[in-house]
Structure formats: structure tokens, C-alpha cells
Amino acid sequence: MPKSKAGQPDNISCVTGLTGYTVRPYVDGKEDAILHKLAKGSNDIGAKDIVPLTFPKIKPEDGVGMYMLSKLNENEPKLYPQWDVARDSLSLDLITAKRLERQAIKRLLDKRQLSIKKRESFNEQYKDLEQKEAVFQTSFKKFNKFVRENQEKRERAEKKIVEEKILQEKRNTDIINVKDNIVYLTDIKAQMDHKIKEYRMFDDYLQGVVRLSSSFKNINDIIVRYEALTEAKSFLGERQNSQLASLENARADMLKLLEDKNLVLIGLNNQLLELQGRYESAKCNSLLWETLVSKIQDVSIRTIEDLKSVRTTCWVMYRNMCARKEMEPKCGKNDIEGQLLFVKKTLAELMSVHNIAKKVHANEINSVRGEMGSKEGASNRGSQQHLSTGN
């Protein structure tokens, strides 16, 4: 930056609320009194000492944008220009901090009041929403009930329509069947009339039989007697056939039974021979197993005695170890597993102690050997020196 005669910069630019404001320390070649006082830290500035400002030539829309930006930045902490910064001191920092604190407290109170208002508005809206929800639920239940009733009515109507259609189709089918039956029966009537004319002479013959016979009163008696005789004939024939068939079946069953019994007797004889052989082998096996059982009993008796001796030995060893450790026995006499675990643990401890003792003994032996070797070496070196001095 170029320097003037007094060694000061030609101009100082500071940004205030709007960008583009410039403050000139020199007016018409003379030093500005306000800047001179600010540089010295004086606060005695009068209204007549205001520095003239120069406004930039900008477009109106840009000026409106900068104005809106400045409005948005009003609540932001204001930064002062470099030449307007007060001297650093604790009291000034305290005043600045107090001012910032008051501003923060004011903003906090405003925010809290705004939050209370918003909370009240939110509660009112929530109550209104609950009322509307209750009304909506009531109307929804009514509408749902109405829809269900309408659906049930519609389903009943549809079902009734389907039933009516099915009934109508059934009636139409019945009408067609009845017409067909009328035609069929008419044909049968014609055929029967024709047959009656054909069988008229048989009717006349039966009427003559009734007149001549005293045992029949009318034609129906003759027909009943004929049907009875026919049924008796068929019944007797069927009975004779069934009796002949039952006789044949009985004869066949008797032959089959004889064959089956003969086969059963043969099988029983073979089974008897097999059972006799199995009895002999089972008798021999029983003697062998009795011998083995007696041997097993002897072995089991010896094993039980060994177990008793082992249990006694474990209990004595456990008591001795507890006595050596000067502690009370915690396991019972029948707790063999606990006794063995204690003995195993004690043996492991003794083994570790034994290993440590062996290591210590080996280290002592090595140290003794090392001392003896060092002494022998020292004596050898002394004798060699003595010999060398004698020579």
C-alpha cells in the first residue's frame, strides 16, 4: 500500500452495514481529525466531526438485496472496523461479555416467550385435533356400521336374486319335465288301451273261471293264487340250491380242515423235535453259565474288597494330607471323588515344590562349582605370576 508524507496509508476501507462505504482519512490533502482522534483512542467526537461518506452507484435491485441482507444480519454480533476497536483491557472485555450476556438473555427470554406462545397454540391445535379425531372416529364408526349394513343388505339381495334365478330355472325345468311326462304318459295310455283291447279275451276267460269255480270270488284272487304258487316254487328252488351249496361247502371245509390238521400235526412233531434239541443245548448252556456266574461272583467279591481297601487308603491318605497341611477335612468319608481331587491337587503341589527344589539344588551346585573353578583359576594365575617374577 502506498505511503503518504506522514507515513500513513492513503485510504482506509471499512465495511459497515452495506458493502461499498469508504472512509477517507484525508480530505482535501489534510488529515481527518476524527481518524486522528480515533487513532489516539479519544472518544470526544462531536456531531460536527462526522466523516463524509461516499455512496456507491449501484442498481436499485442490488441495493434492495443488500438492504435485505443487512436486515437479516441485524441480529448477528456486530464487528467493528480495525480503526474503531478499543484498547484491550479486562474491564472492557468484562463490559463486552456483560453486554453479550444481556443480549443473549434477552434473546433467550424472547425465545422462551415465543416458545410458550407456540406451545399454547400447539396445545389449542392439539385439543382441536383431538376433538376432530373423536368426531372423525364417531363418524367413521357410524359410516362403518352403515357400510356393513349396506353390504349385508346388498349380499342378502344378491343371494335372494341368485336363489330366485335358481328357483326360476328349477321351475322352468320342472315345467319341461312335466310336459315331457304328460307326453310320455299319453303314449303309455295309448299303449295300455291297445294292450287292454288285445288282452280282453283273457279277461273274459278269467271271468268264466270265476263263475265256474266256487273257491275264487274274482279275477284278483286267481292272480294272487298264481303269484303265491310262483313265489313258493321259486322259494323252494332257492332253498334246495342253498342246501346243496351248503352241503358242498361243508364237505370242502371238512376236507380242508383234515389237510390243515394233518399239516399242523406234522409241524408240531417237527417243533417238538426242535424243542427237544434246544432243551438239551439250553441245559448245557445253563451249566456253562452257572460256572461263569460263580466265577464272576468270586471276581466281584475280590473287586469289592479291593475297592473297600482303596477307599480306606484314600481316606487315610486324605486325612494324613489334611493333617500335614494343618487343615480340617472338608470331604466326607464317602466322598471318594472329592478326596481323590484333593490328593491330586496336593500331589501336583508337591511335584511343583519338588521341581523348584531340584532347580534350586542344581543352581547351588552350579554356583559352588563356579566358585571352585574361579578359585582354581586364581591360584593358577598366581602361580604363573610367581614363576614369571622368579625368572
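Helices (H or I, at least four residues) and strands (E, at least two) are DSSP runs, numbered from the N terminus. The model is predicted, so local features need pLDDT of at least 70 and side-chain atom pairs count only at pLDDT 80 or more, while totals for chains, interfaces and linings use all residues. Residues are numbered from 1 along each chain as its sequence is written, and side-chain values use heavy atoms, with hydrogens and water left out.

**Figure 1. Overview of the protein.** The protein has six helices and two strands. Along the sequence the order is β-β-α-α-α-α-α-α. Of the 391 residues, 7% are buried, where buried means under 20% relative accessible area, exposed over 50%, and partly exposed in between (1.4 Å probe, protein chains only). A contact means heavy atoms within 4.5 Å. Of the contacts between residues at least 6 apart in sequence, 32% join residues at least 24 apart.

**Figure 2. The largest nonpolar core.** A nonpolar core is a set of buried Ala, Val, Leu, Ile, Met, Phe, Trp, Tyr and Cys residues joined through side-chain atoms within 4.5 Å. The largest one holds seven residues: Trp315, Tyr318, Met321, Cys322, Cys331, Phe342 and Val343. Helix 5 (219-325) and helix 6 (336-390) are the elements that each give two or more residues to this core. Helix 5 supplies the largest share, four residues. In soluble globular proteins, nonpolar side chains tend to be buried together.

Figure 3. Trp315, Tyr318 and Phe342 form one aromatic cluster. The structure holds five aromatic pairs; rings of Phe, Tyr and Trp (its six-membered ring) pair if their centres lie within 6.5 Å, with planes under 30 degrees apart counted as stacked, over 60 as edge-to-face and the rest as tilted. When neighbours within four places in sequence are left aside, Cys322 is in contact with Met327, Pro329 and Phe342.

Figure 4. Gln339 lies in helix 6 and is buried, its relative accessible area being 0%. Leaving aside neighbours within four places in sequence, Thr346 is in contact with Met321 and Lys325.

**Figure 5. A nonpolar surface patch.** Leu288, Trp289, Leu292 and Ile296 make a nonpolar surface patch of about 420 Å². Leu288 belongs to helix 5. Patches are made of residues with over 30% relative accessible area and no salt bridge; like charges are joined within 9 Å, and nonpolar side chains (Val, Leu, Ile, Met, Phe, Trp, Tyr) within 5 Å.

**Figure 6. Salt bridge between Asp110 and Lys106.** A salt bridge is a side-chain nitrogen of Lys or Arg within 4 Å of a carboxyl oxygen of Asp or Glu, and by this rule the count comes to four. The side chains of Asp110 and Lys106 form one, with an N to O distance of 3.4 Å. Both residues lie in helix 3 (residues 90-198), four residues apart, about one turn of the helix. Asp110 is partly exposed at a relative accessible area of 37%, and Lys106 is exposed at 53%. Side chains of opposite charge can pair when their charged atoms come close.

**Figure 7. Salt bridge between Lys132 and Asp128.** The side chains of Lys132 and Asp128 meet in a salt bridge, 3.7 Å from N to O. Lys132 and Asp128 are four residues apart in helix 3, so about one helical turn separates them. Lys132 counts as exposed at 52% relative accessibility, whereas Asp128, at 33%, counts as partly exposed.

**Figure 8. Salt bridge between Lys189 and Asp193.** Here the side chains of Lys189 and Asp193 are joined by a salt bridge, with 3.4 Å from N to O. Lys189 and Asp193 both sit in helix 3, four residues apart, about one turn of the helix. With 54% relative accessibility Lys189 counts as exposed, and with 34% Asp193 counts as partly exposed.

Methods: Areas by Shrake-Rupley, 256 points an atom, 1.4 Å probe, with all protein chains shown as cover.
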